[in-house]
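Here's a quick briefing to read with the model open beside you. Take a look at the structure, then work through the points below.

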Amino acid sequence: QYQKVWDVDCTNPNHTEFDVESANSVLERTTGLVVELDELLSSSSSEEQQQQQTKWNVILVAHGDVLQIMQTGFLRHEDAARHRSLEHLETATIRG
């Protein structure tokens, strides 16, 4: 069933056919989470950490589709329709 959903995603990233959350909704939700985490972790850093420009490392674990959709946002694609054009995420893959 994945391929059927992906085929529709390419032409309509707002669809909810097959009872799925739309790709654009996943994009908005996941990129919002990352922005929220960044703001939270940046504001909670101690003064000493800020002076040393210490960065937090965060690992997000999710289904490959969710991560690829999120990555389309941070690659500045207009919408999530192109998420399947990204390199496939193998199990336990780390991307920066």
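Let's start with L33, which sits in helix 2; helices here are DSSP runs (H or I, at least four residues), and they are numbered from the N terminus. Keep in mind that this is a predicted model, where local features need pLDDT of at least 70, side-chain atom pairs count only at pLDDT 80 or more, and totals for chains, interfaces and linings use all residues. Residues are numbered from 1 along each chain as its sequence is written, and side-chain values use heavy atoms, with hydrogens and water left out.

**A nonpolar patch**

- L33 has a relative accessibility of 40%, so it counts as partly exposed (buried is under 20% relative accessible area, exposed is over 50%, and partly exposed is in between, with a 1.4 Å probe and protein chains only).
- Together with W56, V58 and L60, L33 makes a nonpolar surface patch of about 360 Å².
- What gets into a patch? Residues need over 30% relative accessible area and no salt bridge; nonpolar side chains (Val, Leu, Ile, Met, Phe, Trp, Tyr) are joined within 5 Å, and like charges within 9 Å.
- The areas themselves come from the Shrake-Rupley method with a 1.4 Å probe, and for residues only the protein chains shown count as cover.

**Inside helix 2**

- T30 also belongs to helix 2 (residues 23-43), and with a relative accessible area of 7% it is buried.
- Setting aside neighbours within four places in sequence, T30 is in contact (heavy atoms within 4.5 Å) with V66 and M70.
- L27 is found in helix 2 too, and its 12% relative accessibility makes it buried.
- Which residues does L27 touch, not counting those up to four places away in sequence? They are I69, M70, T72, G73, D79 and A80.
- L27 and A80 are 53 residues apart along the chain, yet their C-alpha atoms are separated by 6.4 Å.

**Salt bridges**

- How many salt bridges are there? The count is two, using the rule of a side-chain nitrogen of Lys or Arg within 4 Å of a carboxyl oxygen of Asp or Glu.
- One joins E21 and R29, at 2.7 Å from N to O; E21 is partly exposed at 37%, and R29 is partly exposed at 46%.
- The other pairs D65 with R84, with the closest N and O atoms 3.6 Å apart.
- D65 lies in helix 4 (residues 64-74) and R84 in the segment after helix 4, so this pair ties together parts that are 19 residues apart in sequence.
- Buried or exposed? D65 is buried at 15%, while R84 is partly exposed at 27%.

- Most residues other than glycine have a negative phi.
- R76, in the segment after helix 4, has a positive phi near 70° and is exposed at 74%.
- A92 lies in the segment after helix 4, has a positive phi of about 60° and is exposed at 77%.

- The chain averages a pLDDT (the predictor's confidence in each residue, from 0 to 100) of 88, and 88% of the residues score at least 70.
- Confidence is highest in helix 1 (residues 2-11), at a mean of 95, and lowest in helix 3 (residues 47-51), at 60.

How values were computed: Helix = DSSP H or I, 4+ residues; strand = E, 2+ residues; numbered from the N terminus.
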